[in-house]
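Visitor: I have a structure open and some questions about it. Can we go through it piece by piece?
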Amino acid sequence: MAIFKIHPGIGIARLGNTDEFYLAPEQLGALPIECDDQGREKTAKGGEPVRVQNFKESGDLSKIKRQGARFRVFAYDDENDPDGREIKIGDTFTFELETTTTGRTLVEGRVKDVQWTVHLANKKSSWYDYQETDGMHGYSSSHPLRNPTVTQPDLRRQLITDPGPQTVSLASPNASFAKGENPGYPQTFPPETILPNPITTLGDLIVNEQNKNIRLIVLGGQGNSGSTNTPYISSYTNNDGWFDDISDGPVTAVIEYDYDFSYTTQDEDGNVVEVTECRTGTMEVNVPAWVVVGYPRYVPEIPDMITLDEVIYDLSVRNFAYEPRLFGVPPYDKAGNSPKTEEDFRLWRNEAQYNPDYYPKFYKEIWPILLRPDLYRNLFDFDFFAGGDPHNTGTGGNLDEEALSMPPMHGEDPNFQHRQFIYKILRQPGQENLYTAEVVSRAIPDYHPRLMPMLAGNNPISNTSPEKFLRLTDTQLFLLGQWARGKFVNECIEWGEDDPNCKTPWKRPAVTGSQIDRGVLGNMLGGAFCPGGELGWIVLNTAIYSGPYRFRHTTYTAGALSLPAVIADQDGSPAANLAAGLEPGDLTKYIGIPWQADFHECSYQTINITYEGWNKIYPDSTGDPVQQEIADNIPWWPAHRPTVVLASVQGPQVYWASGIPDNNAGDLEMVTAWKDLGFIKYVTKEVESSIVEKIDGKCKKKVLGTSTVSAYSQVERNDAALGPPVRPGSGILGEVTKSADRRQ
């Protein structure tokens, strides 16, 4: 009997303040997908999806389109079927049917429809204060709450935005998570008087049919945030009285099918006749999914240094036997790496290890990581990296593709030292607070380059469990370690592929369920989590997963979503319980409120590197004779929140958030200005080259020809609302300065 799963296991919708929308990309670093007003994908002649060219409503640069999360149901012939296939109307499967007369039986049924159910909620205002890494393993009874004056459980629950679940199908294809749109459910919404923008909905659902596939589109909210008090922001992440329309929640499905039921009866003359009726049955999809609603992806084509896919891939590989060839128990085969019970998994985790003979594919597993540092020069002031290594992909550069993609051949490995250098300056486990590398070259013993990535970590702010700098995942480091040793494959050389995409395999459209799972998450932030982008450090906790790329669901009572334990214990209300699973809103409650404040401040962080174990020191209070206090300004998430960008393909560098002050007042301004910001897109245009000649005593332009120039540059910025963009160094109010310290 087939196993049915929803893909992606974790989908991403994004806020926008218009009814127009597009679909989430399903490949690493890909542009979103164009669709019609029912969410049906638009395709080009060759079958490739049509990519979004405009992120805002035509003619209105203050209207950002929403991004829809698309979900599908795949059928797998058995648990060992690696790829599966998307179900279609009319497909025949063996379904399990249970009736009061026949009990449980198996029938051959034909897919008729899919009933999708989604429940979105926002719990931010009801949760604990965010305080860097505090809470990663639970909260003390004295840990502060957001909105601490609301302590009565019933009133505390009113801080949750909970529109209730909605169900849609082809027979009833539209639903809304709006106030008043769920009769009978005890909805809770913020007061309509909040300013500057009320929140009356968390989004919409649409079901469509395309090529007989039945698909769900989840759309998020309008990007509204508001406060019950006079709007004021004093913190990058905790602001009492505030609400926003970020959300998350479970996605489940029930397959509706027709089947032929035959039975015998007697006709009017008493003759026994056989009758066949077409009846309808339903079956729950075995493996459900989750949807997250985040803010707009302003830089869709440049991946984060660590993507959420790479975080969950690492977690799945090391905890759920997701890729036995890479990590498992020798001999690294499927048969010996298929734990079933929790005890099996415990034993497997104790014995599993990385396969020392695993050869990563260069263009699939190595180059996408090495390419990113160079791409970031399109997103921030690279002067900050003066003397840092590496970031140059040009010929002869530290990240020269031609040199780094060449594996050892015929006993010769001329690029071994080059690869070793790069690997030695990668920050390893336990080095999250180290600024520079140890000796990396015997030839230059005093050369201590900065460790990479030179990006802010999970806690560069407090002195409690500091993690000043970002490091790659264990699996990323293992793959790069194999490559540094020369244990890797260049696909284009090894197989002699004629495919022009052999160097960019991630650009092939996702087809299988696992490809969709990974491709979607390749466009979400995987660190640093302080508190995070779409999600926070809660995604690092294996307790919330039921398996690879799947969050654990729990049951809950309508209108009684869980509260912090210190409140719930007063009257026995349900408290959060990760071991039982997640409720709607349980993932996004860990991040900042309103989202615009933390997002705005995620440009640079001043990190004190005087002492490894301290982010802040106070020598003036005791006269501590510190010889020299050293700090550096370190970027946060350049691919999520750019700082310095090109104004146009051949234009100057400008501050991306020009016009929005780099302070708490700017955080407040971002609450409404987010919709006016520009998107960063790879733009190609034809330019004319010419000279001026003097002909018959007159100067005339002579066109020599045209050429093509390309660059990642800003598009669709609303200068009318924000003012003209500011160039670095011009000293105009609103620019981001090198001395900025976002969270002091």
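Guide: Start with D244 and K124, both of which are buried. Keep in mind that this is a predicted model.

Visitor: What do the side chains of D244 and K124 form?

Guide: They meet in a salt bridge, 2.7 Å from N to O. D244 lies in strand β14 (residues 242-244) and K124 in the loop between β7 and α1, so the pair ties together parts that are 120 residues apart in sequence.

Visitor: And which residue forms a salt bridge with K123?

Guide: E583 does, and the closest N and O atoms are 2.6 Å apart. E583 sits in the loop between α10 (565-568) and α11 (595-601), and K123 in the loop between β7 (103-119) and α1 (153-157), so this pair ties together parts that are 460 residues apart in sequence.

Visitor: Are E583 and K123 buried or exposed?

Guide: Both E583 and K123 are buried.

Visitor: What about D357 and K487, how far apart are they, N to O?

Guide: 3.6 Å, in a salt bridge between their side chains. D357 is in the loop between β19 (353-354) and α4, while K487 is in the loop between α7 and α8 (491-494), so the pair ties together parts that are 130 residues apart in sequence.

Visitor: Does D357 count as buried or exposed?

Guide: D357 counts as exposed because its relative accessibility is 54%. K487, at 23% relative accessibility, counts as partly exposed.

Visitor: How many salt bridges does the structure hold?

Guide: It holds 36. There is also a network of salt bridges that links E26, E41, R70, R72, E86 and R215.

Visitor: Switching to helices. At what angle do the axes of α2 and α7 cross?

Guide: Roughly 85 degrees, and the axes of α2 (residues 308-319) and α7 (residues 474-485) come within 8 Å. That makes α2 roughly perpendicular to α7.

Visitor: Which residues in α2 meet α7?

Guide: E310, Y313, D314, V317 and R318 do, and on the α7 side they meet D474, T475 and Q476.

Visitor: And α4 against α7, how do those axes cross?

Guide: At roughly 105 degrees, with the axes coming within 10 Å. That makes α4 roughly perpendicular to α7. From α4 the contact is made by F362, E365, I366, I369, L370 and R372, and from α7 by Q476, L479, L480 and W483.

Visitor: What do the buried residues of α6 pack against?

Guide: They pack against α4 (362-375), α5 and α7. The buried residues of α6 are R419, Q420, F421, I422 and Y423.

Visitor: Now the surface. Which residues form a nonpolar patch there?

Guide: M406, M409 and I493 do, with about 220 Å² of accessible area together.

Visitor: Where is M409?

Guide: M409 is placed in the loop between α5 (401-404) and α6 (416-424). With a relative accessible area of 34%, M409 is partly exposed.

Visitor: Next, V272. Where is that?

Guide: V272 belongs to strand β16 (residues 272-284). It is exposed, at a relative accessible area of 61%.

Visitor: What is V272 in contact with, leaving aside its neighbours within four places in sequence?

Guide: T264 and T265.

Visitor: Backbone next. Which residues does a cis peptide bond join?

Guide: One joins L195 and P196, with omega about 10 degrees. P196 lies in strand β10 (residues 195-196). Another cis peptide bond joins C530 and P531, where omega is about 0 degrees. P531 is found in the loop between α9 (513-521) and β22 (545-547).

Visitor: Why point those out?

Guide: Most peptide bonds are trans, and most residues other than glycine have a negative phi.

Visitor: Why does E716 count as buried?

Guide: Because its relative accessibility is 15%, and buried means under 20%.

Key:
Residues numbered from 1 in each chain as written. Predicted model: local features only at pLDDT ≥ 70, side-chain atom pairs only at ≥ 80, totals over all residues. Heavy atoms only, no water. Patch = residues over 30% accessible without salt bridge, like charges linked within 9 Å, V, L, I, M, F, W, Y side chains within 5 Å. Areas by Shrake-Rupley, 256 points an atom, 1.4 Å probe, with all protein chains shown as cover. Salt bridge = Lys/Arg side-chain N within 4 Å of Asp/Glu carboxyl O. Helix = DSSP H or I, 4+ residues; strand = E, 2+ residues; numbered from the N terminus. Buried < 20%, exposed > 50% of the residue type's maximum accessible area, 1.4 Å probe, protein only. Axes fitted to C-alpha atoms, helices over the stretch in contact; angles between N-to-C directions. Parallel < 35°, antiparallel > 145°, perpendicular 65-115°, else oblique. Contact = heavy atoms within 4.5 Å.
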